Amino acid sequence: MAALAATALTVTSLGVPLATTAAAEPVPITDPVVDLVDADATAETRSLFAYLRDVRGQGLLFGHQHTTDVGETFTSRDGVSSDVLAATGDHPAVFGFDTLVIEGNIPPGVYGGPREENALLLAQGIREAHDLGGISTLSMHMENVVTGGDFYDTSGDTLRAVLPGGTHNAELRAYLDLVALAADNARDADGNRIPIVFRPWHENTGSWFWWGAAFGTPGEFKELFRFTVEYLRDVKGVDNLLYSWSPNGTFGGDAETYLRTYPGDDFADVLGYDYYDDSGASPARLATVVADLGMIADLADERGKISTFTETGPTGGMKPDGENLNTSWFTDLLAAIEADPRASRSAWMLTWANFGGRTRRGRPPRARCCPTSRRSTPTRTRTSRTRWRVPSTPSPNPWPRLRWRTSRRRRTARASRPGRRRSAPRSPAPTSSAPP
């Protein structure tokens with residue numbers, strides 16, 4: 001497990017000294033019994049869940065989206081270079097990926113290339129992250145299959161169209177087939193499928209994506225999320241996913257509001273929370289974040305889930321010197337979270353990708369994600385140092401194999417499910433760091 005005891009806030013090209021890193025003691029597994037959405041999940045997937053459960057309250061794992069795919073401090077992707085590595089001397093503990101790789105809109109995907117090959121390139125990227133000791137998450141920005149637009153195109157009543165019985169459900173299934181292809185081919189050196197935290201349909205409580213609150217009822221969103229889980233788990237036989245649900249805040253610390261679109265305990269292993277701050281870490285805004293994270297941590301404890309800060313950053317990202325509202329934003333946020341015994345039980349915090357950096361030059365406009373008004377590029381400024389206390393376990397196999405239990409109810413419900421695939425992984429296509 002990548003041990004990150006410093007923040008990814010600065011880049012060496014700006015002449016800022018590297019923050020030092022210090023390895024932490026491995027986190028012992030306190031209880032080898034886990035109960036997951038997928039009763040047939042691999043031993044590695046169960047072990048990852050147990051690790052994330054037990055790390056809560058002992059340190060905050062630092063995550064960065066597309067950390068080795070795009071950035072400010074490297075010009076081409078090599079699977080190792082990372083702004084976080086350049087700033088701190090270590091990789092993040094959590095590597096974020098997105099299905100836009102499959103569409104060819106983000107490296108290592110190839111723009112205009114076959115999606116099946118891009119899915120294999122995504123699998124290869126996850127393998128690279130695993131070999132670096134990282135945990136992989138996979139978010140999903142699915143295009144609008146009704147209009148042909150991107151995920152920001154909210155026309156066409158797309159949410160309802162992709163539901164079972166809808167006019168475009170086949171297109172959703174085809175997209176999920178590619179997710180399954182990537183998940184099945186993400187394998188370690190021993191051929192075992194690498195566990196992935198899959199985070200579809202995020203920020204659904206906003207209305208900037210076609211699956212957002214303004215474009216369907218809470219019940220219809222729940223149906224979309226449940227169908228996604230059941231299709232991947234029961235139809236495609238994917239057994240190396242932890243399923244994450246992550247609406248966007250704020251919720252005022254109110255559990256009922258947070259759970260309004262929750263698909264249910266049988267469909268989520270991870271309770272997430274996306275939130276970007278435009279206040280410069282004002283005391284009132286930090287109090288709101290802490291209240292929400294504390295509420296989610298309590299729910300996770302009650303339901304046997306993992307609570308996380310799935311996306312965050314200062315609105316508009318970090319800017320050149322003199323343009324930032326608060327250059328100690330990350331330090332202030334961390335201090336507020338650590339000071340609260342409930343909020344500090346979040347397993348990880350992930351900042352968004354450094355889009356707009358050198359690796360993005362020359363790529364087509366449609367490849368851009370996401371708007372700088374909401375996303376965070378935290379390594380673009382000089383800032384004060386922050387120490388992130390992150391526990392680690394030995395790499396490359398940080399999660400010991402565990403025994404598990406399966407609820408009687410779920411065993412009965414899945415008695416007729418199709419058998420698991422046990423095929424060998426397909427050979428990935430050659431990597432490419434630039435579009436054709």
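Which residue is the bridge partner of Gln-65 in E2?

Mentor: The bridge partner of Gln-65 in E2 is Gly-96. Before the rest, note that this is a predicted model, in which local features need pLDDT of at least 70 and side-chain atom pairs count only at pLDDT 80 or more, while totals for chains, interfaces and linings use all residues. Residues are numbered from 1 along each chain as its sequence is written, and side-chain values use heavy atoms, with hydrogens and water left out.

Gln-65 belongs to strand E1, residues 61–65. Strands (E, at least two residues) and helices (H or I, at least four) are DSSP runs, numbered from the N terminus. E1 pairs with strand E2 (residues 94–98) in the parallel sense, over three bridges; two strands pair if DSSP finds at least two bridges between them. E1 is also joined to strand E10 (residues 348–351) by four bridges, and these two strands run parallel as well. On that side, Gly-63 has Leu-350 of E10 as its bridge partner.

As for burial, five of the five residues of E1 are buried, so the strand is largely enclosed by the rest of the structure. Buried means under 20% relative accessible area, exposed over 50%, and partly exposed in between, with a 1.4 Å probe and protein chains only. In a regular strand the side chains alternate between the two faces of the sheet. Both faces of E1 are covered: Leu-61, Gly-63 and Gln-65 are buried on one side, and Phe-62 and His-64 are buried on the other.
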